[in-house]
Amino acid sequence: MRRHHSTTPRNLRTTRLARVLGSLLLVAAAGAVTAGAAPGTGGAQAATPLGQVIPVPATVREGGSPYRITAATRIRVDGGGEARRVGAYLADVLRPSTGYRLPLTTSGPAGIRLKLAKGGPYGPEGYRLDSRAGGVTITATAPAGLFHGVQTLRQLLPAAIEKKTVQPGPWLVAGGTVQDSPRYAYRGVMLDVSRHFLTVAQVKRYIDEAALYKVNKLHLHLSDDQGWRIAIDSWPRLATYGGSTQVGGGQGGYYTKDDYREIVRYAASRYLEVIPEIDTPSHTNAALASYADLNCDGVAPPLYTGTKVGFSSLCVGKDITYTFLDDVIREVAALTPGRYLHIGGDEAHSTSHDDYVKFMDRVQPIVAKYGKTVIGWHQLTAATPVKGALAQYWGLDSTSAAEKQQVAQAAQNGTGLILAPADRIYLDMKYTKDTPLGLAWAGYVEVQRSYDWDPGSYLPGVPASAVKGVEAPMWTETLSTSDQLDYMAFPRLPGAAELGWSPAATHDWDTYKTRLAAQAPRWDALGIGYYRSPQVPWPSS
């Protein structure tokens with residue numbers, strides 16, 4: 001599927017060309033309205049239109065004077081401790097660039113108000129943002145909605161708001177109302193930390209980048225042929241030996257249980273649920289090398305640092321295989337507060353069909369035993385997915401009709417789908433033949449191609465209700481630094497996030513590419529190096 005022969009990883013450094021002035025020029029060129037005068041600004045100022053953000057909101061009503069953040073602004077939080085943490089997060093974003101104190105309060109007047117309200121049409125993640133000359137109010141029924149509303153507020157402010165040193169402003173929020181909620185409950189990104197190990201700090205950086213676009217799932221690919229990345233107390237050599245290398249050699253690495261807990265905690269603070277993946281029965285050479293008894297012949301293979309796929313397999317007929325998986329799933333489930341556990345299931349070329357079915361029939365109940373819901377790659381539909389299981393489709397437009405029909409039949413029988421088509425939103429696919437990083441086995445995936453499709457109607461025969469969301473995977477055969485991840489994720493990750501959040505009727509490449517271009521100065525301010533696709537009208541430097 002996802003991981004064919006690759007080129008040698010190379011460092012990539014991209015220059016940051018677009019600046020805040022470029023953003024304002026672009027907004028003006030895109031037909032941004034001139035907002036009404038804000039007190040103390042010395043006249044009318046341009047403010048980012050409410051509909052200019054990514055993902056585009058469900059409904060926008062422009063109108064009225066903008067609000068200006070000043071030294072007198074306070075952030076009032078009406079809600080419990082979790083809502084207050086969202087307020088503290090917002091203050092942490094705004095303070096460095098504005099230079100203002102922005103104290104948090106629970107009563108009295110305030111320029112920015114975060115309000116939890118019972119009832120309303122918001123759902124668990126939706127929000128309403130009202131902006132007037134007197135202030136900005138974000139209302140939601142749950143803290144996740146407040147957090148997503150804060151991401152919209154960030155994008156409505158000038159890109160310089162993201163900088164860590166004091167900037168001149170002014171800090172205007174256009175007048176009007178946004179009412180917004182997601183199309184899909186599942187909006188994910190995946191990080192492959194097995195091919196190249198990524199540190200806790202690298203994962204946190206990626207979480208922050210995804211959170212800006214209202215992504216709410218982080219799928220961690222924790223085990224593969226090239227490395228086992230999570231400590232398991234009952235099978236310690238999985239990490240210490242199986243995690244000791246990576247693609248191309250090198251020291252590899254693994255997460256201690258405290259490391260993993262910290263990733264889970266940090267993701268939760270950004271309202272992302274961590275979904276751990278232990279890939280089985282193939283993609284298991286690191287485990288097979290660590291424990292000889294997991295092999296049918298009792299002989300441990302050497303560690304593997306290449307990029308071939310499908311050659312490894314757990315021994316389906318051995319009871320120790322299921323003892324091993326019971327232990328691993330039990331320990332990983334205990335560390336993971338989220339509802340899902342991913343069992344892989346792809347590219348099991350060394351496992352017969354009958355053995356694959358037997359294997360899945362034994363492993364899926366183990367996941368349920370420890371209180372988790374199964375996710376598997378879409379090959380799971382060749383077996384019998386348990387009730388409630390989700391299948392993650394990674395096929396191509398050109399995938400055979402028979403394979404697509406197998407997935408559609410499972411969907412018709414009640415299996416939910418996560419869509420992650422490789423030739424659409426695999427973020428490690430090259431943009432063009434000249435892209436210095438990434439793979440091309442699924443073809444070249446330029447920015448328009450990654451955005452210009454509808455998850456709800458993508459697979460023939462699949463009921464729209466069966467589609468639970470989308471996920472943009474990042475495989476790391478050729479990637480090891482945050483700069484490299486950024487270059488492959490941007491500008492495609494925001495498009496995947498919009499496909500998952502915004503109503504289908506809003507999806508339009510011609511308007512999207514203008515909104516996407518307006519993000520460039522923000523990425524510059526955040527230190528995100530990105531691919532300057534010729535398909536996007538980027539602001540000039």
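**From one glutamate to the core**

The side chain of Glu471 makes a polar contact with the side chain of Gln392, at 2.6 Å. Such a contact is a pair of N or O atoms within 3.5 Å; within protein, one must be able to donate a hydrogen and the other to accept it, and residues adjacent in sequence count only if both atoms are side-chain atoms.

This is a predicted model: local features need pLDDT of at least 70, side-chain atom pairs count only at pLDDT 80 or more, and totals for chains, interfaces and linings use all residues. Residues are numbered from 1 along each chain as its sequence is written, and side-chain values use heavy atoms, with hydrogens and water left out.

Glu471 sits in strand β18, residues 467-474. Strands are DSSP runs of E, at least two residues; helices are runs of H or I, at least four; both are numbered from the N terminus. Glu471 has a relative accessible area of 0%, so the residue is buried (under 20%, with a 1.4 Å probe and protein chains only). Leaving aside neighbours within four places in sequence, its contacts (heavy atoms within 4.5 Å) include Tyr186, His219 and Ile425.

Now look at the cores. A nonpolar core is a set of buried Ala, Val, Leu, Ile, Met, Phe, Trp, Tyr and Cys residues joined through side-chain atoms within 4.5 Å. The largest has 143 residues, and Trp228, Tyr255 and Phe324 touch the most other members. Helix α8 (residues 319-335) gives the most to this core, with 8 residues. Apart from it lies another core, of 12 residues, including Met190 and Ala420.

Technical notes
Buried < 20%, exposed > 50% of the residue type's maximum accessible area, 1.4 Å probe, protein only.
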